[in-house]
Amino acid sequence: MIYLDANATTVMLPEALEAMLPWLQGNHANPSGVYRAARLARKAMDEARGHVAELIGADAGEIVFTGTGTESVNMALQSLDELAGEGSAVVSAIEHSAVLRFVENAKRNVSKIPVDAGGRLDLDAFEAACKTAAYVSVMSANNETGVIQPLTEVISIAREHGLPIHCDAVQAAGKIPVDVRREAIDLLSISGHKFHGPKGVGALYVRSGLDFHTMIHGGGQESGRRSGTENVAGIVAMGEAARLAKIALETGSADRVREMRDGFEKLVMGSVSGCMRNGDITFRLPNTSHLSFESCDAAGLLILLDEAGVACSAGSACMTGKRQPSHVQLAMGIPDVRAKTSLRFSFSRLNTHDEVMQAAEKTIRAVEKLRSVQGSGIGPVAIHYG
Ligand SMILES: Cc1ncc(COP(=O)(O)O)c(C=O)c1O
């Protein structure tokens, strides 16, 4: 399989797997214990905390380990919601469902700020909404299009209005530099499986000195910010993945991935008529390509690509058989008919140039085949967006 779905999840690095094994078999101690094995587990977690902190420019004490990116987001927003005064929750219209469903269920007004045709936040609308806001949550990069948001401007506007800010950096961490200090963020969410760590482990950055209200009460682990016995093996593996992601970024991984992605787009777009790119070209993750293929049903294309051994995602979320463009494409004003023809290819530093070019050829052939056989019917398919 040629795996081009890194925004859904990434291949776990062998080094991360190796790092986690001793904590699954051999040392099973509860890291809260006092005996030697427990202290060793705690030490391993502390080292991992340091690596995760370094990936995002934080101090180790500001990292809270969680179960997923979704949990990090919910914990951050729950704290903001509990502690912030009156006013609305201001989010972008293209946030991940973890953010959108949280604020929709919170007992305050929600301002969903529109984006432009390129998928970037409308800063004027954002500034206007901040006047009556209680807190802000804006993602660093979008999971569907890879479009990078104007975070520096967002934060400076939020600061002018004295608003606390959470950033969902689940898709950005490990793919592009993330620096909580430079951006002066209050809370930031990341997830291990998006940067070649294991699934089911995430982290929340909580700025030192920030008031934090936890939603998970219990034995007081993670300095009382997230109770529950920690997933030592998962945390250690995420730490190793974070350490290696930082090294990779410092040694040009983003440029190499961008080169592969650009080569893929050049070949596909140069060979397929009616192939259009969605999302801002300048401000997007180096690993993401979101393409529409005129008059090609995305579900059909996905099936053909799967048969050809290429794994990617459809660009419109079609849940439980009901085909509808994703909220992200809707917010960008992409017409329905085009949205239903779009695919997301997301690459990683573990892809090779050769396999990516093979995938491009297979994509070209899949489009040709579909166009030659496709009738008017568009069949349902269940797709979940990572
Ligand atoms: C932008 C964004 N936020 C949050 C999440 C949730 O992360 P997790 O899968 O670890 O719950 C995802 C996962 O796809 C995501 O892309």
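A crossing of two helices is called left-handed if the near helix is turned anticlockwise from the far one by less than a right angle, and right-handed if it is turned clockwise. The model is a predicted one, in which local features need pLDDT of at least 70 and side-chain atom pairs count only at pLDDT 80 or more, while totals for chains, interfaces and linings use all residues. Residues are numbered from 1 along each chain as its sequence is written.

**Exercise 1. Describe how helix α10 packs on helix α13.**

Step 1. Helices (H or I, at least four residues) and strands (E, at least two) are DSSP runs numbered from the N terminus, and here α10 covers residues 298-307 and α13 covers residues 353-373.

Step 2. With axes as lines fitted to C-alpha atoms, for helices over the stretch in contact, and angles running from 0 to 180 degrees between N-to-C directions, the two helices pack at about 130 degrees, with their axes 9 Å apart.

Step 3. Angles under 35 degrees count as roughly parallel, over 145 as roughly antiparallel, 65 to 115 as roughly perpendicular and the rest as oblique, and therefore α10 is oblique to α13.

Step 4. The crossing in which α10 passes α13 is right-handed.

**Exercise 2. Carry out the analysis for α5 and α6.**

Step 1. Helix α5 (residues 123-130) and helix α6 (residues 151-160) pack at about 25 degrees, their axes lying 10 Å apart.

Step 2. That angle makes α5 roughly parallel to α6, and α5 passes α6 in a right-handed crossing.

Step 3. On the α5 side the contact involves Leu123, Phe126, Glu127 and Cys130, which meet Glu153, Val154, Ile157 and Ala158 in α6.

Step 4. By class, the contact of α5 with α6 has six nonpolar, no polar and two charged residues.

**Exercise 3. Find which helix gives the most residues to the shell around the ligand.**

Step 1. Counting a residue as near if its C-beta atom, placed from the backbone, lies within 6 Å, 14 residues surround the ligand, and the closest are Thr68, Gly69, Thr70, Asn143 and Ser191.

Step 2. Helix α3 (residues 69-83) gives the most, with three residues.

Definitions and conventions
Two residues are in contact if their C-beta atoms, placed from the backbone, lie within 7 Å. Ala, Val, Leu, Ile, Met, Phe, Trp, Tyr, Cys and Pro count as nonpolar, Asp, Glu, Lys and Arg as charged, and the others, Gly among them, as polar.
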